[in-house]
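Q: I am new to this structure and would like to learn how to read it. Could we go through some features together?

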Amino acid sequence: MKPHTDSDGAAVLRCLDTGIPRTANRGASRPSSSARTPREASAAASTASTAGVRRRMQAQRTRDTRPELELRRFLHALGMRYRVDRAPLPGMRRRADLVFGPARVAVYVDGCFWHGCAHHGNRPARNSEYWEAKLDGNRRRDADTDAKLTAAGWLSLRVWEHEPVEDAAARIAASVRRRLPQRRVRHSDEVGLK
Ligand SMILES: [Zn+2]
């Protein structure tokens with residue numbers, strides 16, 4: 001799949017013009033990252049009184065979104081190996097989009113709308129109370145997830161869907177490599193050279 005390109009020719013994860021998440025897979029109803037349960041989705045759908053909001057909701061899904069697939073393709077090309085859609089911590093049901101176990105890095109591809117990106121995270125005027133609560137809740141849950149991961153010795157890396165995919169992949173690869181155990185260091189520890 002060829003990445004979408006912006007006016008500068010840089011590959012981007014998604015279209016930037018409207019800030020409304022788009023996917024080629026209309027009809028898939030699962031929202032991304034933290035807005036996930038079917039119950040939430042149907043509650044949201046019953047509140048979605050405008051066609052625009054309904055469309056936006058219907059365009060959501062949790063995994064294998066186009067931004068995620070693009071990111072995975074770039075990471076794979078960089079030689080990175082990872083698990084997809086896994087819960088990084090035992091006892092925490094929330095799943096990360098990508099998990100690098102040995103490096104303890106969890107990656108979340110955050111949709112601009114659902115996770116309140118500063119550039120495209122505009123909130124619908126209709127049903128504003130519902131959306132305030134919903135989107136604030138998402139942000140609180142993201143922060144809580146990050147805190148739990150940090151406390152367990154993990155790094156939570158968040159990538160915006162609007163971020164150029166090559167930049168995002170390079171950032172992730174650098175963090176993962178930095179956090180992988182290095183044999184030489186361990187060897188020098190063992191022989192008392194530290
Ligand atoms: Zn954005």
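Q: Is Tyr-130 buried, partly exposed or exposed?
A: In this predicted model, Tyr-130 has a relative accessibility of 22%. Buried means under 20%, so Tyr-130 counts as partly exposed. Trp-131, at 1% relative accessibility, counts as buried.

Q: How are the rings of Tyr-130 and Trp-131 placed?
A: A pair of aromatic rings is described by the distance of the centres and the angle of the planes. Here the centres of Tyr-130 and Trp-131 are 5.0 Å apart and the planes stand at 80°, so this pair is edge-to-face.

Q: Which residues form one aromatic cluster?
A: That cluster is made up of Phe-113, Trp-114, Tyr-130 and Trp-131. Phe-113 is buried, with a relative accessible area of 2%.

Q: What coordinates the zinc ion?
A: Cys-112 (SG), Cys-117 (SG), His-120 (ND1) and His-162 (ND1) do, at 2.0 to 2.4 Å. Cys-112 sits in helix H4 and His-162 in the loop between E6 and H6, so to speak linking distant parts of the chain, 50 residues apart. Both Cys-112 and His-162 are buried.

Q: Which geometry does the site of the zinc ion have?
A: Ideal angles at a metal are 109.5 degrees for four tetrahedral donors. The angles among the 4 donor atoms here are 102 to 119°, and the site is tetrahedral.

Q: What does the side chain of Glu-161 reach?
A: The side chain of Glu-161 reaches the backbone nitrogen of Cys-112, at 2.8 Å. Glu-161 is buried, with a relative accessible area of 5%.

Definitions and conventions:
Residues are numbered from 1 along each chain as its sequence is written. This is a predicted model: local features need pLDDT of at least 70, side-chain atom pairs count only at pLDDT 80 or more; totals for chains, interfaces and linings use all residues. Side-chain values use heavy atoms; hydrogens and water are left out. Buried means under 20% relative accessible area, exposed over 50%, partly exposed in between (1.4 Å probe, protein chains only). A polar contact is a pair of N or O atoms within 3.5 Å; within protein, one must be able to donate a hydrogen and the other to accept it, and residues adjacent in sequence count only if both atoms are side-chain atoms. Donors are N, O and S atoms within 2.8 Å of the metal (3.2 Å for Na, K and Ca); water is not among the atoms, so sites may look incomplete. Four donors count as tetrahedral if all angles lie between 85 and 135 degrees; four count as square planar and six as octahedral if opposite donors are over 155 degrees apart and all others between 65 and 115; anything else is irregular. Helices (H or I, at least four residues) and strands (E, at least two) are DSSP runs, numbered from the N terminus. Rings of Phe, Tyr and Trp (its six-membered ring) pair if their centres lie within 6.5 Å; planes under 30 degrees apart count as stacked, over 60 as edge-to-face and the rest as tilted.
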